[in-house]
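Work through the exercises below with the sequence and the 3D view at hand. Try each task before you read its solution.

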Amino acid sequence: MQTVINALATGFYISYLPALVIPFKKNTGAGFLGTLLAVPFVFLLPQDYILYLVCLMAFWAFSVWVCQRARLGGAYKGHDNPRIVIDEIAGYFTAVLFLPRTWPYLLAAFVLFRTFDTLKPWPVKNFDRMPNAFGVVFDDVSAGLLANIVIQLFIIIARQSGF
């Protein structure tokens, strides 16, 4: 069972790829790859907004559980271990909530999510400081939410401007 938990937590071990190329660097790009892994899965999520939201909230809870189990399993100690990327997947799924599934929106959500996840503005930093699995997941969820809000505001402004 721990092997399945570890596979889920690491994005089916995608987070190990950068370490094979750059074994001595702390920021290996595993979060980038975890987010990239999430992109094709967006197309498998429900089209209905309410069902998407229900599935998303279930995935948030599942991600916290997987993260906690992976940390307790011993292989991924420390706060927000870079090998755990299920939180990036949850964050990206949040970033594309209620957005059209077209490449411009998916790319904008990707760029903004990665930016907010890296810079950790408020409230992302508050969640990042929590020393538990909830904080590990919800710093990414809040970064995704910020990215989503920026895109939604852009859509509203563009529509009112006649674009």
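Predicted model: local features only at pLDDT ≥ 70, side-chain atom pairs only at ≥ 80, totals over all residues.

**Exercise 1.** Find how many salt bridges the whole structure has.

*Solution.* Search the whole structure. The search finds 3 salt bridges.

**Exercise 2.** Determine which residue R114 meets in a salt bridge, and where the pair lies.

*Solution.* Start with the side chain of R114. It meets the side chain of D117, with N to O at 3.0 Å.

**Exercise 3.** Decide whether D117 and R114 are buried or exposed.

*Solution.* Buried means under 20% relative accessible area. D117 has 6% relative accessibility, so D117 is buried. R114 has a relative accessible area of 16%, so R114 is buried too.

**Exercise 4.** Name the salt-bridge partners of K120.

*Solution.* Take one partner at a time. K120 pairs with D117, and their closest N and O atoms are 3.1 Å apart. K120 also pairs with D139, with the closest N and O atoms 2.9 Å apart. Now locate this second pair. K120 sits in the loop between α6 and α7 (124-128), while D139 belongs to helix α8 (residues 133-160). The pair therefore ties together parts 19 residues apart in sequence. Check burial as well: K120 has 17% relative accessibility and counts as buried. D139 is buried as well.

**Exercise 5.** Work out which residues the salt bridges link in a network.

*Solution.* Follow the pairs. R114 meets D117. D117 pairs with K120. K120 pairs with D139. The network links R114, D117, K120 and D139.

Conventions
Residues numbered from 1 in each chain as written. Heavy atoms only, no water. Salt bridge = Lys/Arg side-chain N within 4 Å of Asp/Glu carboxyl O. Helix = DSSP H or I, 4+ residues; strand = E, 2+ residues; numbered from the N terminus. Buried < 20%, exposed > 50% of the residue type's maximum accessible area, 1.4 Å probe, protein only.
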